[in-house]
Amino acid sequence: MEQLSYGAFSADLHQRQAGERVPLQVSIEVTRRCPLECLHCYNNLPMGDMDAKRRELTKEEHFRVLDELVEMGCFWILYTGGEIFARKDFLEIYTYAKQKGFLITLFTNGTIINEQIADYLKEWPPFAIEITLYGRTRETYEALTAIPGSYDRCLRGIGLLKERGLPLKLKTVATSINKHEVMAMRRFAEEELGVEFKMDGQINPRIDCSQSPLAVRLTPEELVALDMALPKGKSEYLRLASHDLERPANLAQIDTTYFCGGGLNSFAINPYGEIGICVISQQETFSVRGVGVRAVWEQSLLQLRNRKRQRVTKCVQCRIQSLCGMCPANGEMENGDRESPVEFLCHVAHLRAAVIGVDVPKHGDCDFCADGCEHEAVKESARRIVGKEIDVESWVGAGQILPILSNTTVAAGSCGNCGN
C-alpha cells in the first residue's frame, strides 16, 4: 500500500476540496469552565458555575453533532475550552469522535490529567495534544493562573503524557507576567522534553466585553523582541513578508467582511450549541438546537460569511497582512466592530517589518507608515531590537504582580449589552 506523509496527505485533501465549501475543520468548545483563573483569558468561567454547566450541550447532543459532521465531510476536530477535562463525560464524547474516524487535537492546561486519563489517551491516542505552560517557575505560573498548586499539577500532567509517548506539544501565551521565562519554557520543551514549542503574544478582551486581559498584554516592542529571539523568527517573518509583497494586496481582491477560512472550510461550536465563524467571534452565533448543524452551515453561517464589507479601511490595501494577524474577530473583540483595525496589531506588523528590513508600501491613513505620527517610534524600537539593546534573556520578573482578579471582578468590567 502506498504511504503518504501527513503533510502530503493534508495538502492533497485540501487541494481536492479547493473551490468547494466543505467544513473540513471544526473547533468544539466543550465548556468554558476551568480550574484556573488566568489573568489573560478571554472566556474562562469558574468550575462551579452551575448556570454555565446547565446550558452546555449534553453528551447525547455532542454525539448528534458528530454524526452530522461525519456526513458533512469534516475531517479534523479541535476540542478546546475552558478546560476540556472539566467535563467528567469528556472522554465519552472524545471516544465517540475517535470511533467516527476524526483526526482530533486536544487543547488543555494539563492540570486535571491523572494516570487514568493518560492511560486512556494512550489506548485511544489523539492526533495531537497541546498543553499551555504559563511559566517555568511556580511563582510566575501561579501569578498568572491565580491558583496555588496549579504549576505542579500542570507539570505532572505533562510528565504523564510524555511518559506514555503521546503526541505532546507545549505552548505559551506571552504576557507581562511571564515574558522573562518564555525562553526558559522553550528550552524546557525542546531540550529537556524534546517536544515542539510555540509562543503566541495575541491577547484579546473577554467575550463578555471586559478589557481586563489587555492589562497583561506585552508592548509591541516586547512582543517583537521575543519573536526575533526565537529560532527562525526573523527568517520566517521575512518569508511571509516576501510572499505578501510579491502579490497585490490580498483584501483588495475580495469584497466580503470575512477573508479567513471561517465559514468556508471551518467553523466553531461553542459549549451551548451555537455555531460561529471561529471560537473568538461571538457577536453572531446560531444555535444548532432544534435545527441541526447542516441547516446552520448551509443557511445562517453562509449568509454571514458572504456579508459584504461596508467600508474601506487601511487594512484593505495593506501589503504585510501576514505580519499582522488582524481578522474581523479581532476587531470585534477589541473594538466592538469587525471591520475596525486593531491598532496594536498594526503597530506590531510595522515593527516586525522594520526589524527584518522590509519597506511597507503606504496603505491609507496609517500612523505607522512613513510620514505617520508613530513611524519614528517604530524605527527607534526596531533599532533597539536589531542592536540587541533589548535582551529578552536578561528580563526579570515583574517587581509588583498585578492584583489577582476574580472572575466576578473581571465580569464587572463588561459592557453589559452583549448578553454574555
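Author: A polar contact is a pair of N or O atoms within 3.5 Å; within protein, one must be able to donate a hydrogen and the other to accept it, and residues adjacent in sequence count only if both atoms are side-chain atoms. Take T257 here: its side chain reaches the backbone oxygen of K308 at 3.3 Å. Bear in mind that this is a predicted model, where local features need pLDDT of at least 70 and side-chain atom pairs count only at pLDDT 80 or more, while totals for chains, interfaces and linings use all residues. Residues are numbered from 1 along each chain as its sequence is written, and side-chain values use heavy atoms, with hydrogens and water left out.

Reader: Where does T257 lie, and what does T257 touch?

Author: T257 lies in the loop between α10 and β9; helices (H or I, at least four residues) and strands (E, at least two) are DSSP runs, numbered from the N terminus. Contact means heavy atoms within 4.5 Å. Residues up to four places away in sequence aside, T257 touches R307, K308, R309, P328, R338 and E339.

Reader: Is T257 buried or exposed?

Author: Buried means under 20% relative accessible area, exposed over 50%, partly exposed in between (1.4 Å probe, protein chains only). With 7% relative accessibility, T257 counts as buried.

Reader: And how does R247 come out on that scale?

Author: R247 sits in the loop between α10 (233–245) and β9 (266–269), and at 39% relative accessible area R247 is partly exposed. A polar atom of the R247 side chain lies 3.1 Å from the backbone oxygen of H243. Further along the chain, R319 is 72 residues from R247, yet their C-alpha atoms are separated by 8.1 Å.

Reader: On to helices: at what angle do α6 and α7 pack?

Author: Two packed helices are described by the angle between their axes and the distance between the axes. Axes are lines fitted to C-alpha atoms, for helices over the stretch in contact, and angles run from 0 to 180 degrees between N-to-C directions. Here α6 (residues 138–145) and α7 (residues 150–163) meet at about 105 degrees, axes 8 Å apart. That makes α6 roughly perpendicular to α7 (65 to 115 degrees; under 35 is roughly parallel, over 145 roughly antiparallel, the rest oblique). On the α6 side R138, Y141, E142 and T145 make the contact, and on the α7 side S150, Y151, D152 and C154 do.

Reader: How much of α6 is covered?

Author: Mostly: 6 of the 8 residues of α6 are buried, namely T140, Y141, E142, A143, L144 and T145. What covers them includes α7. T145, in helix α6, counts as buried at 0% relative accessibility. Beyond its neighbours within four places in sequence, T145 is in contact with L36, E37, C38, Y134 and S150. Just after α6, look at A146, which takes a positive phi of about 65 degrees.

Reader: How many disulfides are there in the whole structure?

Author: A disulfide is a covalent bond between the sulfur atoms of two cysteines, and the test is a pair of cysteine sulfur atoms within 2.5 Å. Searching the whole structure finds 0 disulfides. C34 is in none, and its nearest cysteine sulfur, that of C38, is 6.2 Å away; C34 is buried, with a relative accessible area of 9%. For C154 the nearest cysteine sulfur is also that of C38, 10 Å away, and C154 counts as buried at 0% relative accessibility.
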